[in-house]
Amino acid sequence: MSAPDREATHANPIDSIEQPVDTLIFARWVLPVTPGCPVLDNHAVAVTNGTIVAVLPADRATNIAAGEVLQLNHQVLMPGLINAHGHAAMTLFRGMADDYPLQTWLNEHIWPAEGKHVSEDFVRDGAGLAMAEMIRSGTTTFSDMYFFPEVTAEVARQCGMRAQLAFPIFDFPSAWGSGPEDYFRKGLALRDEHKHSELINIAFGPHAPYTVGDEALSKVVTLAAELDAHIHIHLHETDHEVEEALRQTGVRPVQRLANLGLLGPKTQCVHVCSLNDEDIETLASHNSHVVHCPESNLKLASGFTPVEKLRATGINLALGTDGAASNNDLDMFGEMRTAAILAKAVAANAAALPDTAALEMATLGGARALGIDHLVGSLEAGKQADIIAVDLSGIAHQPVYTPVSQLVYSQVSHAVRHSWIKGRRVLDNGELTSLDSRDLIERAEHWRSAINGEN
Ligand SMILES: CSC[C@H]1O[C@@H](n2cnc3c(O)ncnc32)[C@H](O)[C@@H]1O
Ligand SMILES: [Zn+2]
């Protein structure tokens with residue numbers, strides 16, 4: 001963003017709000033993540049019934065009657081972050097199998113461990129731990145693909161997080177089901193159960209082109225079109241994946257998915273590290289979304305998503321952490337930083353992914369990918385109140401030329417103080433309000449010792 005773009009502007013000025021609002025938050029800066037990425041100095045956000053009713057200069061908000069007023073003098077208010085790809089319950093495998101490449105990590109470590117340990121209880125405890133970590137570090141919405149999604153949905157409902165849960169589909173059995181037919185039956189029942197849910201959306205989660213055959217993928221295409229549902233898939237994660245597909249079928253996975261009709265504006269393609277120009281053109285022409293997971297890709301030595309080239313096509317980019325077993329954290333501020341600095345190195349261009357663009361990927365880009373940008377992803381009157389407050393008064397954040405730079409480049413996840421999801425406070429001055437950290441930590445230790453064969 002150029003210097004003039006960073007100057008304060010005034011979003012939707014409102015002269016008076018007649019009705020009392022539920023919550024009125026004054027902040028040193030408001031970052032609405034609207035076009036041009038303005039930084040609003042000394043502004044306020046008014047919230048009623050879980051909805052933002054105004055974003056306005058502080059001096060015009062002082063007469064508004066409110067049930068609760070917060071003065072956040074050194075803080076920046078911004079949209080809650082959207083973690084567009086992960087496997088929440090895999091927190092319980094964090095640090096269990098480090099320093100392996102993807103295929104070894106999955107085939108020799110993770111899949112055997114999942115076969116032995118994944119159960120409803122495992123998913124309940126691991127997903128709870130993940131949600132605690134995500135809320136504390138500023139995430140308000142997450143997209144998940146894991147076994148027992150009905151359990152993850154229940155934990156998300158209890159703690160008030162917004163989520164897209166992509167129910168898993170493989171050609172082979174798992175702890176959650178006996179095969180594709182069983183996965184579709186359970187996943188569709190779950191979708192039905194949540195069809196009126198305000199915060200939870202159920203999507204199709206075919207794991208990857210190398211684990212799901214054409215028959216099940218075609219069924220995903222048919223059902224997703226009928227239900228107007230989203231599709232979430234790992235795709236072109238490594239060169240090996242593409243080379244193997246070429247060796248076995250002569251077709252690149254992106255092209256195979258296009259041929260099957262699986263690529264479209266409701267398809268979220270996760271990773272896409274190994275792409276040629278034709279693949280990029282195919283993704284762009286189908287208006288599919290890319291979910292970039294730079295830290296997992298770096299740690300598993302999977303490859304480098306060509307972010308600059310993808311941006312040049314106008315394709316929508318979202319950001320995800322992937323699971324804690326391959327990242328090893330669920331910190332979306334850290335992910336923004338890695339995405340921004342990695343894109344520069346990959347493209348040999350320091351402007352390949354500027355701070356404002358990384359911020360947009362982690363907010364509005366994620367909302368677009370999940371099809372919820374009419375609800376969240378920016379702070380605007382009429383959108384739901386998914387808001388976080390980050391304290392920039394710490395020594396490592398001085399001086400603040402622009403809060404966007406601090407948020408993206410200076411590691412602020414520990415400085416997230418408050419978080420609201422649809423107006424409900426889920427983080428209050430750094431304390432979780434809907435999850436019990438101590439209990440989650442004890443449960444994680446129980447699982448570590450069970451997985452290590454100690455009890
Ligand atoms: C269908 S449940 C999710 C399934 O995916 C596995 N997984 C985790 N991370 C990755 C990754 O980076 N690429 C491919 N598969 C991954 C996870 O262990 C579950 O088995
Ligand atoms: Zn993944």
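Along the chain, the donors of the zinc ion (ligand 2) are spaced H-x1-H-x146-H-x87-D. This is a predicted model: local features need pLDDT of at least 70, side-chain atom pairs count only at pLDDT 80 or more, and totals for chains, interfaces and linings use all residues. Residues are numbered from 1 along each chain as its sequence is written, chains are lettered from A and ligands numbered from 1 in the order in which they are written, and side-chain values use heavy atoms, with hydrogens and water left out.

The protein donors are His 85 (NE2), His 87 (NE2), His 234 (NE2) and Asp 322 (OD), at 2.0 to 2.3 Å from the zinc ion (ligand 2). Donors here are N, O and S atoms within 2.8 Å of the metal (3.2 Å for Na, K and Ca); water is not among the atoms, so sites may look incomplete. The angles among the four donor atoms run from 86 to 169°, and the site is irregular. Four donors count as tetrahedral if all angles lie between 85 and 135 degrees; four count as square planar and six as octahedral if opposite donors are over 155 degrees apart and all others between 65 and 115; anything else is irregular.

His 87 sits in the loop between β5 (81-86) and α2 (102-117), and His 234 in strand β9 (residues 231-235), so this pair ties together parts 147 residues apart in sequence. Helices (H or I, at least four residues) and strands (E, at least two) are DSSP runs, numbered from the N terminus.

UniProt, in an unreviewed entry, places a "binding site" feature at His 85, His 87, His 234 and Asp 322. These residues spread over 238 residues of sequence yet cluster in space, with a largest C-alpha distance of 11.9 Å. From this set, His 87, His 234 and Asp 322 are in the lining of the largest cavity. A cavity is a set of points on a 1 Å grid over the protein atoms alone where a 1.4 Å probe fits but cannot get out; lining residues have an atom within 4 Å of a point. UniProt positions are in the numbering used here, feature names are shortened, and annotations may be inferred rather than shown by experiment.

His 85 lies in strand β5. It is buried, with a relative accessible area of 0%. Buried means under 20% relative accessible area, exposed over 50%, partly exposed in between (1.4 Å probe, protein chains only). The side chains of His 85 and His 234 are joined by a polar contact of 3.1 Å. Such a contact is a pair of N or O atoms within 3.5 Å; within protein, one must be able to donate a hydrogen and the other to accept it, and residues adjacent in sequence count only if both atoms are side-chain atoms. His 234 counts as buried at 5% relative accessibility. Asp 322 lies in the loop between β12 (317-319) and α12 (332-347). At 4% relative accessibility, Asp 322 is buried too.

His 207 is in the loop between β8 (200-206) and α6 (214-227). Its contacts (heavy atoms within 4.5 Å) include Trp 111, Met 145 and His 234, leaving aside neighbours within four places in sequence.

Definitions and conventions:
On a 1 Å grid over the protein atoms alone, a cavity is a set of points where a 1.4 Å probe fits but cannot get out, and a pocket is an open set with protein on both sides within 12 Å along at least five of seven lines; lining residues have an atom within 4 Å of a point.
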